[in-house]
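Hi everyone, thanks for making time for this. I'd like to walk you through a structure that may be new to you, so please keep the picture open while I talk.

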Amino acid sequence: MAAISPPWIVGFGVAGIGLGALGAYLLASRKVSLKPAAIPLVSLLVTLRALLLPLLAAVLVGLFHLGGVVLVAGAAVLAFAGGALLVVPELPQLRAAGAWDLRRNWIWLVLAVLGLTAGGLLLASNRALESIGGLASILLVLALVFWLLAFGLRMLSHCSTRLRAGVALFVVLTGYRLGAAIGLVPGGDLISDHLSFLDWLLPALAIAFIAAEAVLDTIAVKLGEDPKGEEQTPRLRPFIRAIRGGGIGAGRVRLFQGLGLRAAMVAASVLLLAAWIGLAQTDQPGKRLSTDTATEAGEASTTPPAPSSYGSDEALAAAYSPVLALTRAERWSPIPYDGYVESAALSGPLPKPLPPQPSVAEKLGVGCPRLASTPCFRLSIRCPTGGEACSEPDPHPERSDEGLYREGAVYVRVSRRGAEEQLEERRNTEKLSKSDRWPPQLFRPEGPYAKPLSILLQYWYFYRYDEWETHVFAGKLVQRHEGDWEAVTIGLSDSEPLFVAYSAHCAGTWVPWEEAELSDRLGGRTHPLVAVAEGSHANYPRADQKRSPDWAGCQGAPAGTTTLLSYASNIRDKTEYGWEWYPGEGGIHVVTEGEAPMAFPGYWGASESTKLYGFFKTTDLGEGHGPETPSEQPLWRTPVTKIFCGNYSQPDLPGSASHDYCPAHSS
């Protein structure tokens with residue numbers, strides 16, 4: 001039986017019920033009106049509404065990739081909402097700001113100088129313009145500066161009384177606290193370590209001032225006074241007049257409102273300009289980042305031999321094995337998995353202890369207990385950063401006669417239509433384990449090649465470490481984790497290759513075979529040339545430009561909705577034809593789900609982290625683990641669905657998957 005609550009808790013509950021009942025009675029009997037009490041909060045929201053203009057611009061940018069009717073309708077709705085709700089109601093304030101005399105009011109000039117100085121310092125802190133992404137990123141920083149200027153001016157316009165000045169002060173201090181929390185302004189560590197109470201005290205003080213103003217407004221109405229506090233009359237009691245008076249005056253209120261709205265309009269315009277520049281740069285191939293590359297890439301000009309002409313899975317896998325184009329600064333290339341496993345520590349629900357120094361086979365041969373969810377193990381080399389010796393960055397090997405760097409390994413899964421039925425029959429007759437079967441319905445009737453597709457080649461590459469970094473307006477963003485599995489999938493019919501799909505982060509892209517860039521290093525014109533992003537190892541069809549990862553698609557949002565803003569923020573994958581990689585002698589391994597390393601039910605790494613190294617503080621944005629074993633990933637289980645009906649896209653159709661070929665997505 002639950003314990004009875006202390007009497008004082010019951011007393012507070014009864015008091016609350018009583019106050020609520022009394023308020024309801026007074027309201028019902030019209031002895032008091034709640035309308036004056038709402039004026040302070042409504043006034044604050046009106047003050048802040050102009051700051052929504054850049055947000056509407058950001059939403060409009062997110063619609064760029066949808067195009068067509070959706071973009072036209074969305075742009076019309078956003079323009080109407082912004083004009084009717086944010087701009088038109090404040091046309092008098094805009095006119096007041098335009099007629100202002102700088103000679104008589106020097107404070108605007110001071111604020112402009114301070115704003116430009118802050119913007120200059122912010123740009124200077126990122127030493128090279130290229131390090132922050134060029135013109136698009138500079139414009140994005142400038143938009144942020146104008147937005148902050150708009151925020152300051154609108155808060156000044158709120159200071160029509162002493163109480164509202166207090167509200168403005170604590171709202172500004174709360175904003176400063178948020179900036180300090182991500183390292184954009186100094187003081188974040190000091191506040192977190194010694195002044196953490198400010199996290200709740202500043203918003204509480206702002207709310208207390210709003211509540212106090214609401215009470216005084218209600219009293220003023222009862223006395224027959226103007227609740228807005230812009231015009232005081234002698235009937236107001238002296239202490240109320242002293243608290244509710246003392247503001248900057250109605251003229252300056254309108255002035256700062258108009259100037260703040262103008263700054264917000266400039267911020268929205270600059271944001272749209274930054275996105276437009278990013279759109280032009282991401283939609284055009286641009287120039288190669290390296291000029292002395294030895295790559296002679298081109299489009300497919302001849303029909304390669306029929307896949308059915310190869311006598312074995314090994315020969316077929318070798319015939320189509322991709323060539324990887326890595327950047328000059330790339331520190332890791334694909335390696336055999338056993339070296340990583342040998343130095344990694346295994347953790348998980350082991351049914352019995354392993355030997356003191358377990359072998360690679362013993363580590364990978366573990367199985368999850370019956371009631372445990374898979375994957376349930378982790379392999380960790382205990383390497384928090386890529387700068388430590390445990391990450392073992394690769395020195396570039398010697399160039400081979402073909403002009404390639406030959407080293408490392410690739411693990412190839414060869415799937416043939418009908419193999420699942422054959423293995424199901426073998427399982428019934430030979431009592432094979434479940435792990436020896438192909439996933440059910442591997443070749444689903446989805447995608448543009450549903451009928452001719454008969455063979456899938458999946459090339460899985462393992463990297464010892466993943467460390468991606470870029471400079472953004474708030475500092476340096478770094479994402480890193482141990483281990484990295486990436487894949488290139490090639491679809492074949494019995495007579496010809498059909499398409500190439502490239503994994504990138506949680507998704508990827510695909511192109512028809514005739515549009516794939518091929519390498520002629522090995523002859524035969526059957527080896528796709530894959531551009532590998534520096535640090536993240538994401539795969540792309542071209543290495544002609546920097547690209548923006550589709551983080552929105554990774555979080556379940558419509559693909560491409562944040563691509564342009566990410567590009568303008570310098571959140572990009574860098575690719576170039578720096579040096580070309582191909583597996584070494586004997587490095588092409590055909591594997592199945594039932595053998596190492598694909599049978600391991602776990603994660604390859606235990607220290608995934610994303611950090612923002614701000615100008616004044618380091619902020620952890622998320623932690624996790626390394627990637628799952630390929631056989632645990634959707635791209636292995638249902639590759640056709642993942643590529644054509646999931647979040648893969650085509651470069652010529654940015655941000656859109658081929659759902660026209662997917663029964664579940666058709667209308």
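Predicted model: local features only at pLDDT ≥ 70, side-chain atom pairs only at ≥ 80, totals over all residues.

Let's begin with strand E13, which spans residues 579-582. Both of its faces are covered: Trp579 and Trp581 sit on one side, Glu580 and Tyr582 on the other, and all four of those residues are buried. As a reminder, side chains in a regular strand alternate between the two faces of the sheet.

Who are the neighbours of E13? Strand E1, residues 323-326, runs antiparallel to E13 and is joined to it by 3 bridges. Within that pairing, leucine 326 stands opposite tryptophan 579. Strand E4 pairs with E13 as well, in the parallel sense and over 2 bridges. There, arginine 406 has tyrosine 582 of E13 as its bridge partner.

Now let me step back to the whole chain. It holds 20 helices and 18 strands. Of its 667 residues, 46% count as buried. If you take the contacts with a separation of 6 or more, 74% of them are between residues 24 or more positions apart. The accessible surface comes to about 32000 Å², and carbon and sulfur atoms account for 62% of that.

Next, a sheet. Three strands form an open sheet in the order E2-E3-E15, with mixed pairing. Which strands stand at the edges? They are E2, residues 345-347, and E15; each has a single partner strand, so one side of each is left without a neighbour in the sheet. From one strand to the next, the twist averages 20°. E3 and E15 pair in the parallel sense over 3 bridges, and phenylalanine 377 stands opposite glycine 602 in E15.

Let's turn to salt bridges. How many does a search of the whole structure find? The count is 11, and I'd like to show you a few of them.

In one, the side chains of arginine 49 and glutamate 90 meet at 3.0 Å, N to O. Arginine 49 lies in the loop between helix H2 (35-48) and H3, while glutamate 90 lies in the loop between helix H4 (68-87) and helix H5 (91-98), so this pair ties together parts that are 41 residues apart in sequence. Is glutamate 90 buried or exposed? At 1% relative accessibility, glutamate 90 counts as buried, because the cut-off for buried is under 20%. There is a further partner here too: Arg49, Glu90 and Arg154 are linked in a network of salt bridges.

A second example joins arginine 164 and glutamate 213, whose closest N and O atoms are 2.4 Å apart. Arginine 164 belongs to helix H8 (residues 162-181) and glutamate 213 to helix H10 (residues 198-222), so the bridge ties together parts that are 49 residues apart in sequence. Both arginine 164 and glutamate 213 are buried.

Glutamate 467 is in strand E6 (residues 455-472) and arginine 331 is in the loop between E1 and helix H14 (337-343), so here the parts tied together are 136 residues apart in sequence. Glutamate 467 counts as buried at 11% relative accessibility, whereas arginine 331 is partly exposed at 31%.

Now for some backbone details. Most residues other than glycine have a negative phi, and most peptide bonds are trans. Against that background, look at arginine 382, which has a positive phi of about 55° although it is not a glycine. Arginine 382 sits in the loop between strand E3 (377-380) and strand E4 (405-406), and at 65% relative accessibility it counts as exposed. Glutamate 392 lies in the loop between E3 and E4 too, with a positive phi of about 45°. Glutamate 392 counts as partly exposed, at 44%.

Where is the cis peptide bond I wanted to show you? It runs from alanine 596 to proline 597, with omega near 0°. Proline 597 is in the loop between strand E14 (588-590) and strand E15 (602-604).

Last stop, the surface. Leu52, Leu55 and Val59 form a nonpolar patch there, with about 250 Å² of accessible area together. Valine 59 is in helix H3, residues 53-62, and is partly exposed at 40% relative accessible area.

Conventions:
Residues numbered from 1 in each chain as written. Heavy atoms only, no water. Patch = residues over 30% accessible without salt bridge, like charges linked within 9 Å, V, L, I, M, F, W, Y side chains within 5 Å. Areas by Shrake-Rupley, 256 points an atom, 1.4 Å probe, with all protein chains shown as cover. Salt bridge = Lys/Arg side-chain N within 4 Å of Asp/Glu carboxyl O. Helix = DSSP H or I, 4+ residues; strand = E, 2+ residues; numbered from the N terminus. Buried < 20%, exposed > 50% of the residue type's maximum accessible area, 1.4 Å probe, protein only. Pairing = 2+ DSSP bridges. Axes fitted to C-alpha atoms, helices over the stretch in contact; angles between N-to-C directions. Contact = heavy atoms within 4.5 Å.
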